[in-house]
Amino acid sequence: MKLFIGRFEESGEDLYIDSSKSHVVFVAGKRGSGKSYTLGVFAEELCLKAKNIIPIIIDPMGIYWTMVLENNVEEPREWGLSPKGLPVRLIVPGDPKKSYGEDVLEEMEYMGVETRPLKIPPSDIEPDEWLDLFELGLTDPMGILLYRASSKLFDKWEETGQDYNIDHI
């Protein structure tokens, strides 16, 4: 399936990328040259045309949630395109209210942005991963304690399915 991603400035020829195969795409340029906009176009085309692909964007700058809005900046009508907003689910590490504030979250919700917290259950982290997380070794006194505590809880979780949390560790 061909995804329309732009037009060559010199020739006016349409530019497409084939989405039927895996690709590694590298977008580079100086500040303000359209890197984020280009990645947004990729995501939009995937949302609209590739029904079996869900774009996931890691967005440390916090700009892609605006894809919920119609693009009225770049004049897509000149290219025969109709601007439209897309569904956006914003997954925020920790508490979204602490990251954005209640007023901003209410405004995002009003615009159609679904916001959810990213939470990883402690039972999804194996004992040796807990050591890596805190940069501890099995020979460190704190590492030994953390490994033993998390191992007991992890083993119990594997046997019984009984979940546990940070307080249990």
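## Salt bridges

A salt bridge here means a side-chain nitrogen of Lys or Arg within 4 Å of a carboxyl oxygen of Asp or Glu. By that rule the side chains of Glu114 and Arg116 pair up, at 2.7 Å from N to O. Keep in mind that this is a predicted model. Glu114 has another partner too: Arg89, with the closest N and O atoms 3.3 Å apart. Glu114 sits in strand E4 (residues 113-118) and Arg89 in strand E3, so this pair ties together parts that are 25 residues apart in sequence. Through shared partners, Arg89, Glu114 and Arg116 end up in one network.

How exposed is Glu114? Its relative accessible area is 32%, so Glu114 is partly exposed. Arg89 is also partly exposed, at 49%, and Arg116 falls in that class at 39%.

The structure holds four salt bridges, and one of them links Asp14 to Arg7 at 2.8 Å, N to O. Both of these residues are partly exposed: Asp14 has 29% relative accessibility and Arg7 has 30%.

## Overall build

The chain has five helices and four strands. Reading from the N terminus, the order is β-β-α-β-α-α-β-α-α.

What about the overall dimensions? The radius of gyration is 22 Å, whereas a compact globule of 169 residues would come out near 15 Å. Along the principal axes, the C-alpha atoms fill a box of roughly 65 × 40 × 35 Å. Among contacts with a separation of 6 or more, 40% are between residues 24 or more positions apart.

## Nonpolar cores

The largest nonpolar core has 12 residues, among them Ala43, Trp65, Leu86 and Val113. E3 and helix H3 (102-111) are the elements that give two or more residues to this core. E3 has the largest share, with three residues.

Which residues does Val88 touch, leaving aside those up to four places away in sequence? They are Tyr64, Trp65, Met67, Val68, Gly112, Val113 and Glu114. A second, separate core has five residues, including Leu3, Ile17, Phe42 and Leu46.

## What shows on the surface

The chain exposes about 12,900 Å², and carbon and sulfur atoms supply 54% of that. Ile54, Ile56 and Ile58 make a nonpolar surface patch of about 430 Å². Ile58 is found in the loop between helix H1 (35-49) and strand E3 (88-93). Is Ile58 buried or exposed? Its relative accessible area is 75%, and the cut-off for exposed is over 50%, so Ile58 counts as exposed.

Terms used:
Residues are numbered from 1 along each chain as its sequence is written. This is a predicted model: local features need pLDDT of at least 70, side-chain atom pairs count only at pLDDT 80 or more; totals for chains, interfaces and linings use all residues. Side-chain values use heavy atoms; hydrogens and water are left out. Patches are made of residues with over 30% relative accessible area and no salt bridge: like charges are joined within 9 Å, nonpolar side chains (Val, Leu, Ile, Met, Phe, Trp, Tyr) within 5 Å. Accessible areas come from the Shrake-Rupley method with a 1.4 Å probe; for residues, only the protein chains shown count as cover. Buried means under 20% relative accessible area, exposed over 50%, partly exposed in between (1.4 Å probe, protein chains only). A nonpolar core is a set of buried Ala, Val, Leu, Ile, Met, Phe, Trp, Tyr and Cys residues joined through side-chain atoms within 4.5 Å. Contact means heavy atoms within 4.5 Å. The radius of gyration is taken over C-alpha atoms; the globule rule is 2.2 Å times the number of residues to the power 0.38.
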